[in-house]
Amino acid sequence: MRNDPWYRNLALIGLTAAVLCFWPAVCMGQDDVKAYKVIVDPGHGGQDTGSKGPGGLLEKNITMALAKKLVQALEETGKVRPELTRTDDQAVSLDDRAGLANHNHGDLFISLHLGTTFAPDPTGFSIYYWSPTTASPTATPSSNTVRPWDQEQEPYWEKSRMLASLMREELLWSIPWASGGVLPADIYLLRRARMPAVMLELGSLNHLEEAAQLQKPEFQAAVAKAVTQGIIKYRSLEEKGILIRPKTPE
Ligand SMILES: [Zn+2]
């Protein structure tokens, strides 16, 4: 095209850009197209191993395996962009986890944990959300426009409860475990999240049957799929502007 006039090249570039822009991913970038961002938080990491199970089983490793399965399931929907608070075996403080979620403008925050039990019965799963009824007294806001760091969850707690309820339903359908319920709790991490946020506590690592299940990739995938379904259902209700208010605490 050496002999072509300059304006012809310009017209060609313009035409190419116009055609490509019919495909938003090219013009806006992946970030904008899959803008609904779910922050996936694998509990513990590094020196902080979390709870321990038989044969050197550590909570931090199971939460990471579950988180990776969840990321995969969320990506497969094509509607959600997941982001991890840690990608390998490193210690990340609770402040950094919440800070990263807020800084990256997450739409939802899902923290994954396992429990510990001293009872012979399996514990099943429970889903926690923060609620004002559980809150310990905090400092009064210094101004009307700036919300203190430990009260970030306040505008979102009802949405968090809705998300937890939807997830619980999906998990009850998908895994053969009983549910300990959807429970309010004053959890340090959740109250600092500036988005609907829940913590899933899945079984106990020191319960032999639950520990065996938790290590199975098929079980982890079933959990990930159920949590993803809960998120997708929540998302569609949110898009319609519907906020479910459970009549009684679960
Ligand atoms: Zn934990």
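Colleague: Which strands does helix α4 lie across, and at about what angle does it run to β5?

Modeller: This is a predicted model, and the angle is taken between N-to-C directions. Helix α4, residues 59-77, lies across β1, β4, β5 and β8, and runs at about 145° to β5. Helix α6, residues 157-174, lies across β5, β6, β7 and β8, at about 170° to β6.

Colleague: In what order do the strands of the sheet stand?

Modeller: The order is β4-β1-β5-β8-β6-β7, an open sheet of six strands with mixed pairing. From one strand to the next the twist averages 20°.

Colleague: How many bridges join β1 to β5, and do the two run parallel or antiparallel?

Modeller: Two strands count as paired with at least two bridges between them. Strand β1 (residues 37-42) and strand β5 (residues 108-115) are joined by five, and they run parallel. Within that pairing, Val38 has Leu108 of β5 as its bridge partner.

Colleague: Is Ser126 buried or exposed?

Modeller: The cut-off for buried is under 20% relative accessible area. Ser126 has 11% relative accessibility, so it counts as buried. Ser126 belongs to strand β6. Leaving out residues up to four places away in sequence, Ser126 touches Gly180, Gly181, Leu183, Met199, Leu200 and Glu201.

Colleague: Which residues have the most contacts inside the largest nonpolar core?

Modeller: A core of this kind is a set of buried nonpolar residues joined through side-chain atoms within 4.5 Å. The largest has 43 residues, and Ile110 and Leu202 have the most contacts inside it. At least two residues each come from β1, α4, β5, β6, α6, β8, α8 (208-215) and α9 (217-239). Helix α9 gives the most, nine residues.

Colleague: What does Ile110 touch?

Modeller: With residues up to four places away in sequence not counted, the contacts of Ile110 are Val38, Ile39, Val40, Asp41, Leu70, Leu163, Met167, Val198, Val227 and Ile231. Another core lies apart from the largest one; it has 14 residues, among them Ala98, Trp130, Ala185 and Leu189.

Colleague: Which residues coordinate the zinc ion?

Modeller: A metal site is read from its donor atoms, and water is not among the atoms here, so a site may look incomplete. The zinc ion is coordinated by NE2 of His44, OE of Glu59 and ND1 of His113, at 2.0 to 2.2 Å. The spacing of these donor residues in sequence is H-x14-E-x53-H. Glu59 in helix α4 and His113 in strand β5 are 54 residues apart, so the pair links distant parts of the chain.

Colleague: Are Glu59 and His113 buried or exposed?

Modeller: Glu59 is buried, at a relative accessible area of 3%. His113 also counts as buried, with 13% relative accessibility.

Colleague: How many salt bridges are there?

Modeller: The rule asks for a side-chain nitrogen of Lys or Arg within 4 Å of a carboxyl oxygen of Asp or Glu. By that rule there are 11 salt bridges. One of them joins Asp89 to Lys60, with the closest N and O atoms 2.9 Å apart. Asp89 sits in the loop between β4 and α5 (94-103) and Lys60 in helix α4, 29 residues apart. Asp89 is partly exposed at 44% relative accessibility, whereas Lys60 is buried at 9%.

Colleague: Which helices hold Lys159 and Glu238?

Modeller: The side chains of these two meet in a salt bridge with an N to O distance of 3.7 Å. Lys159 is in helix α6 and Glu238 in helix α9, so the bridge ties together parts 79 residues apart in sequence. Lys159 is partly exposed, at 29%, and Glu238 is partly exposed, at 22%.

Colleague: Where do Lys233 and Glu170 lie?

Modeller: Lys233 lies in helix α9 and Glu170 in helix α6, 63 residues apart. Their side chains form a salt bridge at 2.7 Å, N to O. Lys233 counts as partly exposed at 37% relative accessibility, while Glu170 is buried at 9%.

Colleague: Which residues do salt bridges with shared partners join into one network?

Modeller: That network consists of Lys159, Arg235, Glu238 and Glu239.

Terms used
Residues are numbered from 1 along each chain as its sequence is written. This is a predicted model: local features need pLDDT of at least 70, side-chain atom pairs count only at pLDDT 80 or more; totals for chains, interfaces and linings use all residues. Side-chain values use heavy atoms; hydrogens and water are left out. Helices (H or I, at least four residues) and strands (E, at least two) are DSSP runs, numbered from the N terminus. Axes are lines fitted to C-alpha atoms, for helices over the stretch in contact, and angles run from 0 to 180 degrees between N-to-C directions. Contact means heavy atoms within 4.5 Å. Buried means under 20% relative accessible area, exposed over 50%, partly exposed in between (1.4 Å probe, protein chains only). Donors are N, O and S atoms within 2.8 Å of the metal (3.2 Å for Na, K and Ca); water is not among the atoms, so sites may look incomplete.
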